[in-house]
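Please look over the sequence and the model shown here before reading the notes that come after them.

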Amino acid sequence: MDMELAGADLKAVLNRLRRAQGQIAGVIRMIEEGRDCEDVITQLAAASRALDRAGFAIIATGLQQCLTDVESGRRNGEDVENAEQMRARLEKLFLSLA
């Protein structure tokens, strides 16, 4: 299953991943400096949310592409079974983030 991110979608996902990367670097620095546990956990939770949101954005794009492909396939008389397999794979990906 190929998913292509383009334009604004790609930029948004990359921004979220860069934010998470910065937050993770901050967590490492905080641990090395012996910072307060509560502050470290708060920063780690923020990084986790940023990663989750990036994953959900990627999956949402995949779902949108999948729906477009299904509709296109139906118009062309292609097999709907392939669409069901793709839906099942996307659902598994979605649940892996839950």
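The report below goes through a helix, a surface patch, a salt bridge and a leucine.

## Basis of the model

This is a predicted model, in which local features need pLDDT of at least 70 and side-chain atom pairs count only at pLDDT 80 or more, while totals for chains, interfaces and linings use all residues. Residues are numbered from 1 along each chain as its sequence is written, and side-chain values use heavy atoms, with hydrogens and water left out.

## Helix α1

Helix α1 covers residues 7–32, where helices are DSSP runs (H or I, at least four residues) numbered from the N terminus. With 26 residues, α1 reaches 38 Å from its first C-alpha to its last, close to the 38 Å expected at 1.5 Å a residue; the expected span is 1.5 Å times one less than the number of residues.

The buried residues of α1 are Val13, Ala20, Gln23, Gly26, Val27 and Met30, where buried means under 20% relative accessible area, exposed means over 50%, and partly exposed lies in between (1.4 Å probe, protein chains only). Gln23 has a relative accessible area of 14%, and, not counting residues up to four places away in sequence, Gln23 touches Gln43, Ala46, Ala47 and Ala50, a contact being heavy atoms within 4.5 Å.

## Nonpolar surface patch

Leu10, Leu14, Leu17, Ile24, Ile28 and Leu51 make a nonpolar surface patch of about 440 Å², and helix α1 supplies the largest share of this patch, 5 residues. Patch residues have over 30% relative accessible area and no salt bridge, with nonpolar side chains (Val, Leu, Ile, Met, Phe, Trp, Tyr) joined within 5 Å and like charges within 9 Å; accessible areas come from the Shrake-Rupley method with a 1.4 Å probe, and for residues only the protein chains shown count as cover. Ile24, which is placed in helix α1, is partly exposed at 34%.

Just after α1, Gly34 takes a positive phi of about 75 degrees. Glu33 forms a salt bridge with Arg35, their closest N and O atoms being 3.8 Å apart, under a rule that asks for a side-chain nitrogen of Lys or Arg within 4 Å of a carboxyl oxygen of Asp or Glu. By this rule the count comes to 1 salt bridge, and Arg35 is partly exposed, with a relative accessible area of 41%.

## Leu97

Leu97 is in the segment after α3 (80–96) and is partly exposed, with a relative accessible area of 26%. Leaving aside neighbours within four places in sequence, Leu97 is in contact with Asp52, Gly55, Phe56 and Ile59. Leu97 and Leu51 are 46 residues apart in sequence, yet 9.4 Å apart in space, C-alpha to C-alpha.

How values were computed. Helix = DSSP H or I, 4+ residues; strand = E, 2+ residues; numbered from the N terminus.
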